[in-house]
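Morning, everyone. Please have the sequence and the structure up before I start. I'll go from the contact between the chains to the inside of each one.

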Amino acid sequence: MSERVGVVVFPGSNCEFDVVEAVGSVGGDGNLVWHGDTSLAGFDAVVLPGGFAHGDYLRPGAIARFSPIMDAVRDFAAAGGPVVGICNGFQILTEAGLLPGALQKNAGNKFICHPVQLRVESINSALTNAAELGAILRIPVNHGEGNFTCDAATLREIEAKGQVVFRYVENPNGSMSDIAGVANEAGNVVGLMPHPERASEELLGSADGRVLLESLLGAATTPLARSRPA
Amino acid sequence: MKFEVAVEVRLREGIADPQGQTIERALPALGFDGVEGVRVGKVIRFEIEASDAANARGEVEEMCDRFLANPVIEDTEVTIT
């Protein structure tokens, strides 16, 4: 049976159909979940897709973190369920306090939209368990506020605990320590600025994102995820 | 009583400010020399009903902590009149 992946749709999300399609292309069962819903019952994994949730007003993710679905996302994550935030989804997870740090305006103020090379820095995460440590993946970025920042103590802590999951080979946005993606301490919540769903077929220019989506489905079938309350 | 509130949200010290840097680089091109330390923030203004200024301030500070600023990168300064 396919793993059921809930893809949360906020007003202003714009990558949800791409994620559903890409999850399907690696054998998962992607389903849209409206942000006003309050339950994630029956899902094995959750993705917060890219876009401009609630118009990115105030700050990206600042309003989305109060969407009704976010309590369920928090419970799902606390129970060990895999939760991935892509781009705007990453911003929402940091605002919600589910991931460390914050994403601010790109150095140079440019909105960037092009493929980048990412290095896999940890394979102990819901998004990289099937990847190879040190692998270089070619995946597009598409953001104006992807400049990862945090205080020095947090940086030391996430580096020491192996929570840096991806680094840019060439830093496109000024992110601290070239960080492109981070996980929580348990590794089941992951956020990244690049879009693996846009690198899920050779036809799209790269299929390097598939291993990440396969990892997500793998994480969805771990005993930890299955033991969570329905 | 009704109080006028201005919340200045600004990037914490030590957090890079790409907008401020861009403005700082642009100013000399317009003939404004000698400018340094440009930092860009925002001001959120509103009115609030409260029994006194202290209560108004308490409520506004809670808004700042929970919503108006991201404490990871931002500080706030609240002015109540």
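Let's start with a term. A polar contact is a pair of N or O atoms within 3.5 Å; within protein, one must be able to donate a hydrogen and the other to accept it, and residues adjacent in sequence count only if both atoms are side-chain atoms. By that rule, eight residue pairs are in polar contact across the interface of chain A and chain B, both residues at pLDDT 80 or more. And pLDDT is the predictor's confidence in each residue, from 0 to 100.

Now the ground rules. This is a predicted model, so local features need pLDDT of at least 70, side-chain atom pairs count only at pLDDT 80 or more, and totals for chains, interfaces and linings use all residues. Residues are numbered from 1 along each chain as its sequence is written, chains are lettered from A and ligands numbered from 1 in the order in which they are written, and side-chain values use heavy atoms, with hydrogens and water left out.

How confident is the predictor in chain A? Its average pLDDT is 95, and 96% of the residues score at least 70. One stretch stands out: over residues 223-230 of chain A, pLDDT stays under 50. Where pLDDT is low, the predicted coordinates should not be read in detail.

Back to the interface. Contact means heavy atoms within 4.5 Å. With that cut-off, 19 residues of chain A touch 17 residues of chain B. Together the two chains bury about 1,400 Å², with 56% of it on carbon and sulfur atoms. Buried area here is the accessible area (1.4 Å probe) that two parts lose on being put together, summed over both. On the chain A side, A:Leu58, A:Arg59 and A:Gln104 lose the most area to chain B, together 38% of what that side buries.

How many salt bridges cross this interface? The rule finds one. A salt bridge is a side-chain nitrogen of Lys or Arg within 4 Å of a carboxyl oxygen of Asp or Glu. The partners are A:Arg59 and B:Glu74, with the closest N and O atoms 3.7 Å apart. Two elements of chain A each give two or more residues to the side touching chain B: strand S5 (102-104) and strand S8 (147-149). Helices (H or I, at least four residues) and strands (E, at least two) are DSSP runs, numbered from the N terminus.

Look at B:Glu74 itself. It sits in strand S3 (residues 74-80) of chain B. B:Glu74 is buried, at a relative accessible area of 11%. Buried means under 20% relative accessible area, exposed over 50%, partly exposed in between (1.4 Å probe, protein chains only). Its contacts beyond four places in sequence include A:Arg59, B:Arg10 and B:Lys42.

Next, B:Asn70. Find it in the loop between helix H2 (53-68) and S3 of chain B. Buried or exposed? B:Asn70 is buried, at 6% relative accessibility. Outside its sequence neighbours within four places, B:Asn70 touches A:Arg59, A:Glu95 and A:Ala102. The side chains of B:Asn70 and A:Glu95 are joined by a polar contact of 3.2 Å.

A:Glu95 takes us to helix H3 of chain A, as one of its buried residues. Eight of the eight residues of H3 (residues 88-95) are buried, so this helix is largely enclosed by the rest of the structure. Just after H3, A:Gly97 takes a positive phi of about 80°.

Two other residues have a positive phi without being glycine. A:His54 has about 55°, and A:Asp56 about 60°. A:His54 lies in the loop between strand S3 (45-48) and helix H2 (69-78) of chain A. A:Asp56 is in the loop between S3 and H2 of chain A, and A:Asp56 is buried at 18%.

Last topic: salt bridges over all chains. The count is 15. A:Arg4 pairs with A:Asp29 at 3.7 Å between the closest N and O atoms. That pair links strand S1 (residues 4-9) to strand S2 (residues 29-34) of chain A, 25 residues apart. A:Lys105 pairs with A:Glu145 at 3.6 Å. Here the partners are 40 residues apart, each in a loop of chain A. A:Glu121 and A:Arg119 meet at 2.8 Å, N to O.
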